[in-house]
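Trainee: Could you walk me through how to read a model like the one below?
Mentor: Gladly; let us look at it together.

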Amino acid sequence: MLSRSLKSLHFSNAIPKRGLVTVPQKGDKAKLLINGEFIDSQSDIFFNVLNPATQEIESIVPQATAAELKEATYSAELAFKEWRKTSETIARNIVSEQGKVLSDARGDVIRGLQVVENLCGIPDYMLGTRSQVSKDMDTYSIREPLGVVGGVCPFNFPAMIPLWMFPVALATGNTVLLKPSEKDPGAAIMLAELAMQAGVPKGALNIVHGGKPTVEHLINDPAIKAISFVGGDAAGKAIYSGATANGKRAQCNNGAKNHGIIMPDANKEQAINSLVGAAFGAAGQRCMALSTAVFVGEAQEWIDELVDRASKLKVGGGFESDSDVGPLISKDALKRAENLIQSAKDEGANILLDGRQPIVQEYPNGNFLAPTVIDNVTTNMQCYQQEIFAPVLVILRADTLDEAIEITNRNRYGNGAAIFTQSGSSARKFESQIEAGQIGINVPIPVPLPMFSFTGNKASFLGDANFYGRSGINFYTQSKTITSLWRQEDSTNSKPSVHMPTHS
């Protein structure tokens, strides 16, 4: 902190010393910083800065002129217009590269920045423990960084997921090799540039692009101590097994099949709107998308209304203000989703709303799939067994809450699950018996804020420490326990210190 504050004190005729720190010389005139440049004031009024011990003049501070004050204010006004757009610039890049609608892209950035804001409390997260275990003997633990760590990011959240990784790693003292998705790396690059502007030292954060060879380097290079990954099952399993075989830590968020149970006593409007938003938002390309609905009893009568509401969503480009559903990331992703929809029909399900091959006149070459609703799905069908990762909602039916919970728990994934009900007892039963890691009660996408952690489980997560929050801190640090003995009888008198402790 000391060096950073000194860096802002630029003086005329100052002699640079100790690298980045500029040391003022006696009698120097302090410069003004206006519009990114240090300039000499044109003032003829100055204040002397006196050494309290000698009364010598150390430096001279000008009274900024009225014109200089106006210029500084105008410069700040202009900068504010651009500064406030920083998040918007990243969001627009996400729309261009990833395809999600602009409002959702803004959320991508903001949810990631919340992790950074939470890390402002890093001293509390890094606290160790201490106990006096015997006379004059203490045992205490501290947390230390691992060293060099790697991060492998998915395409669907180009800003949020990198912000789950490198800020936590840097704040805990590690250095980072971050691999953005090769499909949309722009947001991660911009975030890295902003990090460097904020003062991250050279070499502490590195962006490495590529595909499998880059990932294999992260797995196999002995200098890299841990790997964070978010993405599909196959890659996650390979990274986890390879990293752990090499003695590395790994945290891998993999696939998901999140269930939403709709009870007959739910608020119908809220439940239907929640399902539509959570199933089709971001074109379904979210690991916490509510892609599976289980309608219980009389709630099954609401399915037609859900289909009607889904059919009214606008499919289009991400920059169109009225678009609700953007394109899928690639032609391959589109083809895979279309094939799974067809498999559902072939296996006996009912396609109530078929979104294949929608007409989007402004974008004839886009990877578009309109909202799709598949009813009467059974748990052995491919459309249920696999994560479709598209705007497709599959519907199962149950007679009771117990049956709905059993269906949900039999699924191998465990990222999240939600229930819609106005019954406290039903909510409590669901909360206690459901096996998913993140639970929503009348909340469709229960992704926790960063003071908690992203706690997917079962086949949705490989590892012992989850992303961000205290689990994230634990992942990027290792504990060291010290036992010390300082006998009181060995103490000697020493000269008292009157200096401000710097802990350096």
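Mentor: We will go from domains to cores, strands, a helix and a loop.

Trainee: What should I keep in mind before starting?
Mentor: This is a predicted model, so local features need pLDDT of at least 70 and side-chain atom pairs count only at pLDDT 80 or more, while totals for chains, interfaces and linings use all residues. Residues are numbered from 1 along each chain as its sequence is written, and side-chain values use heavy atoms, with hydrogens and water left out.

Trainee: Which domains does the assignment give?
Mentor: Domain bounds come from an automatic or database domain assignment. Here that assignment gives domain 1 (99–255 + 459–481) and domain 2 (259–435). Their centres, taken over C-alpha atoms, are separated by 30 Å. The contact (heavy atoms within 4.5 Å) takes 14 residues from domain 1 and 17 residues from domain 2.

Trainee: What is the area buried between domain 1 and domain 2?
Mentor: Buried area is the accessible area (1.4 Å probe) that two parts lose on being put together, summed over both. For this pair it is about 1400 Å², with 63% given by carbon and sulfur atoms. On the domain 1 side, V101, F155 and S460 lose the most area to domain 2, together 31% of what that side buries.

Trainee: How many residues has the largest nonpolar core?
Mentor: A nonpolar core is a set of buried Ala, Val, Leu, Ile, Met, Phe, Trp, Tyr and Cys residues joined through side-chain atoms within 4.5 Å. Buried means under 20% relative accessible area, exposed over 50%, partly exposed in between (1.4 Å probe, protein chains only). The largest core has 62 residues, and I261, I262, F295 and V377 have the most contacts inside it. Helix 10 (residues 268–280) supplies the largest share, seven residues. Another core, of 48 residues, lies apart from it and includes A159, W164, F467 and Y468.

Trainee: Where do the side chains of a strand point, and which faces of strand 16 are covered?
Mentor: In a regular strand the side chains alternate between the two faces of the sheet. Helices (H or I, at least four residues) and strands (E, at least two) are DSSP runs, numbered from the N terminus. In strand 16 (residues 292–296), five of its five residues are buried: T292, V294 and V296 on one side, A293 and F295 on the other. Leaving aside residues up to four places away in sequence, F295 touches residues including I262, L275, W302 and I395.

Trainee: In which sense does strand 16 pair with strand 15?
Mentor: Strands of a sheet pair through backbone hydrogen bonds, either parallel or antiparallel. Two strands count as paired if DSSP finds at least two bridges between them. Strand 15 (residues 259–262) pairs with strand 16 in the parallel sense over four bridges, and G260 stands opposite A293.

Trainee: What about helix 7: which of its residues are buried?
Mentor: The expected span of a helix is 1.5 Å times one less than its number of residues. Helix 7 (residues 186–197) has twelve residues and should therefore span 16 Å; its end C-alpha atoms are 17 Å apart, which agrees. G186, A187, A188, M190, L191, A192 and A195 are buried, and the buried residues of this helix pack against helix 3 (86–98), helix 6 (160–171), strand 11 (175–179) and strand 12 (205–207).

Trainee: And is N380 buried or exposed?
Mentor: N380 counts as exposed because its relative accessibility is 62%. N380 sits in the loop between strand 18 (372–375) and helix 13 (382–385).
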